[in-house]
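Please look through the structure below before reading on. The paragraphs after it take its parts in turn.

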Amino acid sequence: MSPAGPPRPNENTSLGEYPYVVLRLRCHVCERWRDCRVAILSWEFHPEERVGEMLRLFRRRCPWDPSNPARKPQKYGMRCGAYLPDLNSGRPPDLPPSMTGLTLIEGGKPDMLPTEPAPIERRRRVGDADV
Ligand SMILES: [Zn+2]
């Protein structure tokens, strides 16, 4: 295995070559989502079918599908935001968390909320005896 690992899948990757067990489909706009087993999709469609075609089929059920002929084209209208989150992530979706190693999270200690409440600042009353 090369150090770079297998090539990352893209929309032209066939179902038979898709490296993950599950094909995840998400939409930014309608918040629909679907997780499909690639083996089932290969059996239902064809192992040579492209994952981009699966995305197109997923998009067809979206009320904002831009390829729907019933919809008038709108320059600034809502448009389906369907996507395949695992195409560009570089991190396999089915890798156990213990195998991914540590990841750097932006921010740090200054961004954290304090674990203890701030000390209460007591104010003196006017006229209190200072003895
Ligand atoms: Zn959508």
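Strands S1 and S3 pair in the antiparallel sense over two bridges. Strands, like helices, are DSSP runs numbered from the N terminus, with at least two residues (E) for a strand and at least four (H or I) for a helix. Two strands count as paired if DSSP finds at least two bridges between them. Within this pairing, Arg26 has Tyr83 in S3 as its bridge partner.

This is a predicted model, in which local features need pLDDT of at least 70 and side-chain atom pairs count only at pLDDT 80 or more, while totals for chains, interfaces and linings use all residues. Residues are numbered from 1 along each chain as its sequence is written, and side-chain values use heavy atoms, with hydrogens and water left out.

The sheet as a whole is open and antiparallel, with three strands in the order S2-S1-S3. Strand S2 (33-37) and S3 stand at the edges with a single partner strand each, so one side of each has no neighbour in the sheet. Helix H2 lies across S1, S2 and S3 and runs at about 40° to S1. Such an angle is taken between N-to-C directions, from 0 to 180 degrees, using axes that are lines fitted to C-alpha atoms, for helices over the stretch in contact; contact means heavy atoms within 4.5 Å. In total the protein chain has two helices and three strands, and along the sequence they follow the pattern β-β-α-α-β.

What holds the place of donors around the zinc ion? The protein donors are Cys27 (SG), Cys30 (SG), Cys62 (SG) and Cys80 (SG), at 2.2 to 2.6 Å from the zinc ion. Donors are N, O and S atoms within 2.8 Å of the metal (3.2 Å for Na, K and Ca); water is not among the atoms, so sites may look incomplete. The donor atoms subtend angles of 87 to 162°, which makes the arrangement square planar. For four donors, that label requires opposite donors over 155 degrees apart and all others between 65 and 115. Cys27 in strand S1 (residues 22-27) and Cys80, in the loop between helix H2 (51-60) and strand S3 (82-83), are 53 residues apart and link distant parts of the chain. Both Cys27 and Cys80 are buried, meaning under 20% relative accessible area (1.4 Å probe, protein chains only).One aromatic pair is found in the whole structure. The rings of Tyr18 and Tyr20 have centres 5.4 Å apart and planes at 85°, so the pair is edge-to-face. Rings pair if their centres lie within 6.5 Å, and planes over 60 degrees apart count as edge-to-face.

Definitions and conventions. Four donors count as tetrahedral if all angles lie between 85 and 135 degrees; four count as square planar and six as octahedral if opposite donors are over 155 degrees apart and all others between 65 and 115; anything else is irregular. Buried means under 20% relative accessible area, exposed over 50%, partly exposed in between (1.4 Å probe, protein chains only). Rings of Phe, Tyr and Trp (its six-membered ring) pair if their centres lie within 6.5 Å; planes under 30 degrees apart count as stacked, over 60 as edge-to-face and the rest as tilted.
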